[in-house]
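Reader: Hello! Could you take me on a close look at one strand and what surrounds it, and then show me a few other features?

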Amino acid sequence: METEVRFSINKKNKKSVQKWLSQHKQIFQNSETVYFDTSKNALRDAGVELRLRRNGKGIKQTIKSVGPNGSLFTRTESEIQLSDFEPKLSHLKKFLTREKLCRIDFARLRPAFRTKVNRTIINNPTKNGMVQSVFDVGEIKADAETQEIMEVEHELKQGSTDTLLETCHEFLDRVPCSIGLEGKAARGYRLVTGEYPEPVFASKISISPDLPLPKAMREILQTSFQHAMTNLPVYLLTGHPESVHQFRVGLRRLRAALSAFAPILHLQNSGGLILQMKSIFNDFGSLRDADVFLDETLAALKNSTIPSSYYLILQEQVQQFRDQRFQEARDTLESTDFARFIIDMNSWIDSEEWLAQRRPIDQLMFERPIGVFAESRIQKMNQKLLKAGRRAEVGDLEDWHRLRIMTKKVRYASEPLLGIIGGKKGPSFAKSLSKLQDTLGKLNDLNSIETFLAQVSLNVERTDRQAFNEAAAFCVGWGAASASTAVDNLQPSWRKFKMHMRKTWS
Amino acid sequence: MAGKICVINAKGGCGKTTISTHLAAALASSGLKTALADWDRHRGATHWIKQRPKSAPNIELADWHKSFGKVPKGIQQIVIDCPASLKSKRVRQVAEEADVIVVPILPSIFDEYATKLFLRDLAEIKRIRKKRKKVLMVSNRHRANSVASRRLDDYLEKLGHPANHHISDRSIYPQLAAQGLTVFDLETKPMFERQMEWLPLVRDIETSVQLPDLKKGKSKKLKS
Ligand SMILES: Nc1ncnc2c1ncn2[C@@H]1O[C@H](COP(=O)(O)OP(=O)(O)OP(=O)(O)O)[C@@H](O)[C@H]1O
Ligand SMILES: [Mg+2]
C-alpha cells in the first residue's frame with residue numbers, strides 16, 4: 001500500500017516550494033522512468049501501471065493499481081529490484097488473476113511513454129512518523145509529444161495518516177496550490193492516446209448486509225467521495241457537463257449517506273467540514289441548472305411556439321451565464337481551500353470520528369451488521385413519508401410540496417440503505433421512490449425555471465435585459481402549462497406508490 | 001422473525017422483571033425494534049411500561065396474559081418476563097422455543113436451592129440438555145466482596161452452571177423502575193458506569209440470538 005497526496009505546482013509558486021523544501025536536508029536526483037504497456041494499453045485497462053526506473057543500485061520495477069484502494073490517496077503498490085532493463089512479468093501475478101493475465105498480449109509489450117524529471121527529495125520526520133516529500137520538475141514524453149510536469153508529492157513512509165495530513169497542511173500554509181488528482185501515468189496515457197478522460201458514472205455500491213456497521217458506513221462514504229473526486233480531473237480537462245453533474249452526484253451521495261445514518265452519527269465537531277461540502281455542492285448547482293436548461297428546457301422550447309428572437313436570446317444569455325459559472329467553479333476546484341477540503345474530508349471519513357460513541361451502549365450498535373440497521377431505518381423513514389402523504393391526500397398544494405420535499409429526502413437518504421438489502425426488494429423500492437419523486441418534482445420545475453432565469457437575468461447587460469426578461473416570461477408561461485398537468489398526476493402516483501410500499505415492507 | 005429472549009427462574013423476586021426491562025431497554029436504545037412480553041403474574045413489566053416516559057426509546061408491550069405468544073408487528077427482538085414456574089406446559093414450550101434463556105439468581109441459600117431444582121427441570125428440554133441452547137446464569141444483586149456472593153459463585157460452579165454475568169446490588173434499580181426507566185435511559189456518568197456492567201450480558205445475548213433480519217429459514221410459531 002502507498003498513501004500519497006499530490007499537489008500541482010506552477011511557475012508562480014515554484015519559488016515557495018523551493019523555500020519550503022530548503023528547511024530540510026535535500027537530496028537532488030535526475031530520474032528517468034519508463035512506463036510499459038501493450039500497444040492496446042491492456043495493462044492499464046486491467047487496472048495496473050508498470051514502470052521501470054534506474055536508481056543507484058540498479059533497476060527498480062514498480063507496479064501500482066490504477067485507482068484508489070479503500071481511501072482516496074491510497075493505492076496498492078509493489079516494488080522489486082531488477083538486474084536489467086527488461087520488465088519482469090511474473091511480478092504482475094501479485095495484482096492480476098491468471099485469467100486476466102492470459103488475456104494480455106505480452107508480445108506487444110513496449111515502452112509506452114517516459115518521464116524525465118529533476119527531483120528534490122526531503123525526508124520530513126514528525127512526532128508520529130515520517131513523510132517523504134518529492135518535488136518533480138520535468139516532462140512526460142510519448143513519441144513526438146511532450147508535456148510539462150511540476151508537482152509535489154507527499155508520501156507517508158511511517159506512522160499514521162495524521163502525520164501526512166499535518167505535513168500537507170503545513171505545506172499548503174506556505175505554498176498555496178491546487179490538489180493534483182491526476183498522476184503521471186494517467187497524463188502519460190493521455191499523451192499516447194490523445195484521449196481525454198470521460199465522465200465517471202456512479203457505480204453501484206455493493207455492501208454485504210453482514211458487514212459491521214462502521215466498516216460498511218465508511219465504505220459507503222469513501223465510495224461516494226471517490227466518485228465525486230474521479231470526476232474532478234475530467235471536469236478540469238474537458239469541462240464536460242456530465243462530469244460536473246457526476247461530481248455533484250458523488251457529493252450528494254455523501255450527504256445522503258450522512259442523513260441515512262443520522263441517528264447514529266456524531267457530527268458536532270465536524271460542522272465546518274460539512275458546511276464546506278454543502279456550499280461546494282450548492283456552488284455547482286447553478287452550473288448544473290444552466291446545463292439542464294441548455295440541454296433539456298431549450299430543446300423542449302424549440303418545439304413550442306416560441307419566437308426565434310426569444311429562443312436566441314435565452315440561449316445566448318444562459319450560455320454566457322454557464323461559461324461564467326464554469327470559470328468560477330474551476331477557480332473553486334483549483335483553490336488551496338479546496339485542496340484542504342479534500343484532504344480533510346478524506347481523513348475525516350477514514351477516522352470514523354463521525355460515529356456517535358456517547359454512551360457505552362452505542363458500542364453494541366457498531367458490532368451489529370449493517371443489514372439490521374438498514375431495514376429498521378428504512379421502516380422509520382417510510383412512516384414519515386406515509387404521514388406526509390396522508391396530509392397531502394386531503395390537503396392543498398402546500399401539503400403536496402411538503403410531501404415532495406419529504407420524498408426527495410427519503411429517496412436520497414434511503415438510497416445507500418436500499419442497496420444493502422438483499423434481493424429485488426431494495427432496487428424495486430428505490431425505483432418506485434424515484435418515480436414518485438419525478439412526478440412530485442414536476443410541481444417544482446416551474447419554480448426552478450423561474451428562479452434560475454431570475455438569477456441569469458442579474459448577469460444580463462442592461463441593454464439586453466428588457467428583451468431577456470420578455471423571453472424569460474414566455475418561458476415561465478410555457479412552463480406553467482405543463483405544471484398544471486403535473487397536479488392531476490399527484491393523487492394517482494401517490495396511491496400507486498403507497499400500494500407498492502405496503503407490498504414491499506409488510 | 002424476532003429473536004426471543006426468555007428471562008426465567010422458579011424463584012420469585014430474583015430480578016426477572018429488572019433484568020427483562022433492562023435487556024429490552026438496551027436493545028431498544030441501541031436501535032432495535034424491541035418488545036417486552038409480560039407474562040408474569042404480578043404484571044411488573046406492564047406497570048413499568050405504563051410509567052415509561054414518551055421521550056425514552058420505545059418498547060412495545062406484548063400482553064401475554066391476554067394473547068399468549070403474540071409478537072407485535074415489525075419487532076426484531078422480544079424479551080419475555082416469564083412466570084416463576086416451569087411446571088406448566090406453556091412455560092416449557094416458551095423455554096423450548098426461545099433463542100436464549102437468562103436465569104437471574106440471588107445470593108441466598110433459599111434461592112440456590114430453588115435454582116438447583118429449576119435447572120434440573122430445565123434440563124428436560126432436549127436442546128438445553130445437549131447444550132445447543134445457551135442458558136446464561138446471571139448473579140444478581142452481586143456484591144463483589146460479600147461472603148454470600150462468593151458462596152453463590154462457588155455453588156453455581158459446582159452445579160456445572162457457573163455464573164456467566166454479574167449485576168451489582170444498587171439502590172438505583174428500584175428507583176429507576178418506579179419511573180419506567182433503566183440505566184440505559186439516562187446520560188450521566190454513573191449511569192454510563194452501570195451500562196458498562198450490562199454490556200457483556202447484552203453482547204452474549206445478541207450473539208446467541210441470530211439477528212432477525214438476516215435470519216435464514218423458518219422458525220416455528222408458538223401454538224396458543
Ligand atoms: N441488582 C439489583 N440491585 C438492587 N435492587 C434490585 C436489583 N435487582 C432487583 N432489585 C430489586 O429487587 C426487587 C425484586 O426484583 P424484580 O421485581 O425484578 O424480581 P422478579 O424476579 O421479577 O420478582 P417477581 O417474581 O415478584 O416477579 C425489586 O424491588 C427490584 O427493584
Ligand atoms: Mg417480576
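Author: Happy to! Strand E1 of chain B, residues 3-7, is mostly covered, with five of its five residues buried. Buried here means under 20% relative accessible area, exposed means over 50%, and partly exposed lies in between, using a 1.4 Å probe and protein chains only. Strands are DSSP runs of E with at least two residues, helices are runs of H or I with at least four, and both are numbered from the N terminus.

A word on the basis: this is a predicted model, where local features need pLDDT of at least 70, side-chain atom pairs count only at pLDDT 80 or more, and totals for chains, interfaces and linings use all residues. Residues are numbered from 1 along each chain as its sequence is written, chains are lettered from A and ligands numbered from 1 in the order in which they are written, and side-chain values use heavy atoms, leaving out hydrogens and water.

Back to E1(B): B:Gly3, B:Ile5 and B:Val7 point one way, B:Lys4 and B:Cys6 point the other way, and all are buried. E1(B) pairs with two strands of chain B, taken here in turn. With E4 (residues 77-81) the sense is parallel, over five bridges; two strands pair if DSSP finds at least two bridges between them. B:Gly3 has B:Gln77 as its bridge partner in E4(B). With E5 (residues 100-105) the sense is again parallel, over three bridges, and B:Val7 has B:Val102 as its partner there.

For contrast, look at chain A. Its strands E2 (residues 26-37) and E7 (residues 110-126) run antiparallel and are joined by 12 bridges, with A:Ile27 partnered by A:Ile121. E2(A) is also joined to E3 (residues 48-54), antiparallel, by four bridges, and A:Tyr35 is partnered by A:Arg51 in E3(A).

Chain B also has a share in a surface feature: B:Lys73 gathers with A:Lys387, A:Arg390, A:Arg391 and A:Arg502 in a patch of positive charge. Patch residues have over 30% relative accessible area and no salt bridge, with like charges joined within 9 Å; a salt bridge is a side-chain nitrogen of Lys or Arg within 4 Å of a carboxyl oxygen of Asp or Glu. Helix H12 of chain A (residues 370-394) gives the largest share of this patch, three residues. A:Arg502 sits in helix H15 of chain A, residues 462-505, and is exposed, with a relative accessible area of 53%.

Key: Patches are made of residues with over 30% relative accessible area and no salt bridge: like charges are joined within 9 Å, nonpolar side chains (Val, Leu, Ile, Met, Phe, Trp, Tyr) within 5 Å. Accessible areas come from the Shrake-Rupley method with a 1.4 Å probe; for residues, only the protein chains shown count as cover. Lys and Arg count as positive and Asp and Glu as negative; His and the chain ends are not counted. The place of a charge is taken as NZ of Lys, CZ of Arg, CG of Asp or CD of Glu.
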